[in-house]
Amino acid sequence: MLAPVPEGMDPIPLVSAGDNMTIALEFTAGHLSANKDPKVLVLAPTSPAGGSVALFAVDMMRSLGARRITYLDDSAARRSLAATLGAAVESGPLRKELGRFDLIFDGSLDSERLAQAFTLVAPGGSIESAGGHFTKIEIDLLRMYSLNVGFHIGIANAGMYVQDAIELTREGRIRPDVLLGDPVPVEEAADALLEPAVKPVFVRDRLHAPR
C-alpha cells in the first residue's frame, strides 16, 4: 500500500508502517484505553529468526500507555532489544511464577505456547494473537467463560492505522529504527537474507515518475 511520508521525514523507519508495526496498534489500543494500568505479556517467536511483530508490539504498547510489560523470548539478542524499548524481559518457558496478565499479545508463532498462555490470563483479561498458527490447539472454554477471558485472532487491517503509525514515529513516541538493520542495497538482498536479523531493510535508488 502507498501512504504519503511527511516532508523531510526519513522513510526508512516507516518500512513496516503498513505491516508489522501496526498490528499491535490495531489489536491492543482498545484494551489499553479501557485499562489504564494493565499488566501485559508479550510472547515472542520460539524460533531464532524474525520476531519483529512482538518487538514492535512492545514499542507500540508503551506509546499507548502500558508501563508493566513483560517480554518472553528465548533469544538473548531480542530480549536486549525489548529491554531497550522498556520491557521487563524473561526467557521461556511460560510458567505460573510469571503471574497473571490483563493482556497477552501473542507473536509466538508457536501454537503450543499460545495454548499455555491461556493459563496466565487474569480474570477479565484478553489474548490478542497476531496469527501464524497452523496446528490445532485445545482451549478450556469453560475456564474462559468462568473468568470472562477474551480471545481474538484475525487478519490485520493495517491500512487504517498507517497514518497513526507515521505520526507516532514523527513524534518520537515509537522507535522503529531500534529494530531495523542497517539498510542493504536491494541487489544484495539474497545474501543479506541468509543472515539473522529482526527486520532487514533493503533500499534502491529512488524512482522518478516522468513529468
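Where is the place of Leu 109? In this predicted model, Leu 109 sits in the loop between β4 and α4 (111-117). Its phi is positive, about 60 degrees, although Leu 109 is not a glycine. Most residues other than glycine have a negative phi. The relative accessible area of Leu 109 is 52%, so the residue is exposed. Asn 148 also has a positive phi, near 60 degrees, and is likewise a residue other than glycine. It is found in the loop between α5 (141-147) and β6 (150-153).

Gly 92 and Pro 93 are joined by a cis peptide bond, with omega at about 5 degrees. Most peptide bonds are trans. Pro 93 belongs to the loop between β3 (88-90) and β4.

The largest nonpolar core holds 35 residues. Val 42, Met 61, Ile 69, Tyr 71 and Phe 105 touch the most other members. At least two residues of this core come from each of α1 (20-34), β1 (39-43), α2 (52-63), β2 (68-72), β4 (101-106) and α6 (162-170). The most come from α2, which gives 8 residues. A second, separate core has 15 residues, including Leu 43, Leu 98, Ala 117 and Phe 118. Beyond its neighbours within four places in sequence, Phe 105 is in contact with several residues, among them Ile 23, Thr 28, Val 42, Val 53, Ala 57, Met 61 and Glu 128.

The axes of α1 and α2 come within 8 Å and cross at roughly 45 degrees. The helices are therefore oblique to each other. The crossing of α1 past α2 is right-handed. On the α1 side, the residues that meet α2 include Ile 23, Ala 24, Thr 28 and Leu 32. Their partners in α2 include Val 53, Phe 56, Ala 57 and Met 61.

Ser 75 lies in the loop between β2 and α3 (76-84). Its relative accessibility is 16%, so Ser 75 counts as buried. A polar atom of the Ser 75 side chain lies 3.2 Å from the backbone nitrogen of Arg 78. Pro 196 lies in the loop between α7 (189-192) and β8 (202-203). At 75% relative accessibility, Pro 196 counts as exposed. Pro 196 is 106 residues from Glu 90 in sequence, and their C-alpha atoms are 21 Å apart in space.

Notes:
Residues numbered from 1 in each chain as written. Predicted model: local features only at pLDDT ≥ 70, side-chain atom pairs only at ≥ 80, totals over all residues. Heavy atoms only, no water. Core = buried A, V, L, I, M, F, W, Y, C linked by side-chain atoms within 4.5 Å. Buried < 20%, exposed > 50% of the residue type's maximum accessible area, 1.4 Å probe, protein only. Helix = DSSP H or I, 4+ residues; strand = E, 2+ residues; numbered from the N terminus. Contact = heavy atoms within 4.5 Å. Polar contact = N/O pair within 3.5 Å; in protein donor to acceptor, adjacent residues only side chain to side chain. Axes fitted to C-alpha atoms, helices over the stretch in contact; angles between N-to-C directions. Parallel < 35°, antiparallel > 145°, perpendicular 65-115°, else oblique. Left-handed = near helix turned anticlockwise from the far one by under 90°.
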